[in-house]
Amino acid sequence: TPRRRSPSGGRRSASGSSGSRQAKRKEKKRARAEERADKRREETEEERRKAEKAVKKKDKKEKKEKAESKKAESKRDAPKKSKDKDGLSVDEWNEIRKSMGLKPLKS
């Protein structure tokens, strides 16, 4: 169907409603752009918080592993103080054997 033209030839005056419609469209467009920017900022902040949380968790795990390895190392390096059947450790027997002029036991 053919469109009807207004008496002004299809153009509207500057004081007409088309100017206010354009302003409303621009305002809506700007508002949507601001909403998208806010959403991006929120997503970025959330990602940053998640990354920080992951780093803290990793640091805590590494610290725990380091403490456990130190504990295991100190147990391994500690001199043998376990008592045998007769109640003396190897180090104590070696002191006795040394005073008697004998070779020390292997520890």
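**Entry 1. Overall fold and surface.** I worked from a predicted model. I counted 2 helices and 0 strands in the protein. I looked up burial next: of the 107 residues, 3% count as buried. For the accessible surface I noted about 11,000 Å², with 51% of it belonging to carbon and sulfur atoms.

**Entry 2. Negative patch.** I then searched the surface for charge. Asp59, Glu62, Glu65 and Glu68 gather there in a patch of negative charge. I placed Glu62 in helix α1, which covers residues 17–77. The relative accessible area of Glu62 is 41%, so I recorded this residue as partly exposed.

**Entry 3. Nonpolar patch.** I asked which residues form a nonpolar patch on the surface. I found Ile96, Met100 and Leu102, which together have about 280 Å² of accessible area. Ile96 lies in helix α2, residues 90–99.

**Entry 4. Asparagine 94.** I turned to another residue of helix α2, Asn94. Is Asn94 buried or exposed? I recorded Asn94 as buried, because its relative accessible area is 14% and the cut-off for burial is under 20%. I also followed its side chain: the side chain of Asn94 reaches the backbone nitrogen of Leu105 at 2.5 Å.

Notes
Residues are numbered from 1 along each chain as its sequence is written. This is a predicted model: local features need pLDDT of at least 70, side-chain atom pairs count only at pLDDT 80 or more; totals for chains, interfaces and linings use all residues. Side-chain values use heavy atoms; hydrogens and water are left out. Patches are made of residues with over 30% relative accessible area and no salt bridge: like charges are joined within 9 Å, nonpolar side chains (Val, Leu, Ile, Met, Phe, Trp, Tyr) within 5 Å. Accessible areas come from the Shrake-Rupley method with a 1.4 Å probe; for residues, only the protein chains shown count as cover. A salt bridge is a side-chain nitrogen of Lys or Arg within 4 Å of a carboxyl oxygen of Asp or Glu. Lys and Arg count as positive and Asp and Glu as negative; His and the chain ends are not counted. The place of a charge is taken as NZ of Lys, CZ of Arg, CG of Asp or CD of Glu. Helices (H or I, at least four residues) and strands (E, at least two) are DSSP runs, numbered from the N terminus. Buried means under 20% relative accessible area, exposed over 50%, partly exposed in between (1.4 Å probe, protein chains only). A polar contact is a pair of N or O atoms within 3.5 Å; within protein, one must be able to donate a hydrogen and the other to accept it, and residues adjacent in sequence count only if both atoms are side-chain atoms.
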